[in-house]
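Let's go through a model together and ask what stands behind each label. Every answer sets a value against its cut-off.

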Amino acid sequence: MQGHNIDVDCAKTGMLNKHVLAALSGGADSVALVHLLNELRLQGKIKLTLAHFEHGIRGAESKEDQKFVIALSQKLGVPLITESACVTEEAEKTGEGIESCARRLRHDFLRRAKEASGADLIATAHHKNDQAETVLMHILRGGGLSGARGMSETDGIYVRPLLKYSKADLIRYLHSLGESWREDSTNFLKDNPRNLLRLEAMPVIEKAYPSSADALFRFSEIVRAEDEYMDFQAQAAAKRMTENFMGVWVLKNPESYPVALVRRVIKKIVPGFGFDEIEKIRLCTSRVSLPAGHQAFMRDKQIYIVPPIKNPQSVPFSLIEETVLRGICTFEILKSDSPERSAGFTFVERINPLPLEGAVVRTRMDGDFMRPLGLNGKKKLVSDIMIDRKIPLPLRNRLPVVAKGSEVFWLVGAGISDAIKTGENTSSITVKAIFNHKYGGEIQ
């Protein structure tokens, strides 16, 4: 659609032939958005519903906004969904700031309105000046490329069809239509970082660097492409440099990869961590404690990222059917003539089942001991066996054992006890232990 120098590309934003829910506050930006989308509706290109959230922050002024919005929807003949709330009361209950609480409640409302209306997408009126502010805010907070890329025109169920237009463009468009809008008095209060940036910093920046909003928008477009390229490279690198074993992520030889790739791979493993936590992991030389019970270890030029885990309760070891140690390992009884051998995350043992009557499968405990093959029945602590076998420390508490009391008969991946070895005069079964090595998720 071409008109008033503003072109909303339905195909590019994914709106063509879709039902769009437009967020309408009553301000100039959202009113311009609604008029532009209504033109598309009249052309048969989209179906349109409006949504207004009355947050109650400005008392009577908010109610007047709501009346304005209702009148606009009636004038255009477009259905409207409204909802009112008291953000200040909610913020007091939750301890949130007013702005963050209002944002959360507004997004919750928009998602409900989308479901109620059957809409496919939610359109918001973010524009070029909003993008410039967002990019600057992320830069000033120390964000990387992913933050400096700002907002996207399409983001899941959200579309922002006005991002390439300035606030001035939208005002001119409304003037050309002879349309009015509401002013939000809180936009002129210097009580939050965005307003301070908009009201004080941006005018100074524009004075020193005319068209800085255009430049920051262009910067965000460049950064977005380069961020996507770096993410593609990190995804490919992750397949070579990572492994997940029982929920423990292993970064193999991270020093041989560029720092930027290592940081991104770590971010994919623990997406909730910020720069400081990621650097603690990357620079780990021994052991570090991290938020939410995570830990990181450096062993033999490999970094282990260990999420918290509640070791599963012991389960009876079955000699006739499958045994599952939740989240850790599955044991299968194979035919005695099975040709399978231990490989990768699977371990196969031929054992004498008689001593295992009443045994359980669990993870190791203090005092566990085993009589390893080749020691003529001599006891040895399981902890010492793990050290001798060079089992990495982060994995030791996750290795399953088949045991009766404190006596371990099979330390999976590290050997069996002399007590269950097979011979000419013993029974035998073949058991396959399959580690759930993808437990804990995959690289996204």
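Gly-156 has its place in the loop between β7 and β8; helices (H or I, at least four residues) and strands (E, at least two) are DSSP runs, numbered from the N terminus. This is a predicted model, in which local features need pLDDT of at least 70 and side-chain atom pairs count only at pLDDT 80 or more, while totals for chains, interfaces and linings use all residues. Residues are numbered from 1 along each chain as its sequence is written, and side-chain values use heavy atoms, with hydrogens and water left out.

Q: Why is Gly-156 called exposed?
A: Exposed means over 50% relative accessible area, buried under 20%, and partly exposed in between (1.4 Å probe, protein chains only). Gly-156 has 67% relative accessibility, so Gly-156 counts as exposed.

Q: What makes Ser-62 buried?
A: Its relative accessible area is 2%, so Ser-62 falls in the buried class. Ser-62 is placed in helix α3 (residues 60-76). Leaving aside neighbours within four places in sequence, Ser-62 is in contact (heavy atoms within 4.5 Å) with Glu-54, His-55, Gly-56 and Ile-57.

Q: How do you know that the span of helix α6 agrees with its number of residues?
A: The expected span is 1.5 Å times one less than the number of residues. For the 13 residues of α6 (residues 128-140) this gives 18 Å, and the end C-alpha atoms are 18 Å apart, so the two agree. Buried residues of α6 include Lys-128, Ala-132 and Leu-136, and their cover includes α7 (145-148), α9 (193-208) and α10 (212-241). After α6 comes Gly-142, with a positive phi near 85°.

Q: Why do β5 and β7 count as edges of their sheet?
A: Two strands pair if DSSP finds at least two bridges between them. The open sheet of six strands runs β5-β4-β3-β6-β8-β7, with mixed pairing. β5 (80-84) and β7 (154-155) each have a single partner strand, so one side of each lacks a neighbour in the sheet.

Q: What makes β6 and β8 a pair?
A: Two bridges join β6 (residues 121-123) to β8 (residues 158-159), and the strands run parallel. Ala-123 has Val-159 as its bridge partner in β8.

Q: Why is the pair of Phe-331 and Trp-410 called edge-to-face?
A: Rings of Phe, Tyr and Trp (its six-membered ring) pair if their centres lie within 6.5 Å; planes under 30 degrees apart are stacked, over 60 edge-to-face, and the rest tilted. Phe-331 and Trp-410 have centres 5.6 Å apart and planes at 70°, which makes them an edge-to-face pair. Phe-331 is in β16 (residues 329-334) and Trp-410 in β22 (residues 407-411), so the pair ties together parts 79 residues apart in sequence.

Q: How do you know that the charged end of Lys-128 sits over the ring of Phe-217?
A: A charge sits over a ring if NZ of Lys or CZ of Arg is within 6 Å of the ring centre and within 35 degrees of the ring normal. The charged end of Lys-128 is 5.6 Å from the centre of the Phe-217 ring and sits over it. Lys-379 likewise lies over the face of Phe-369, at 4.6 Å from the ring centre.
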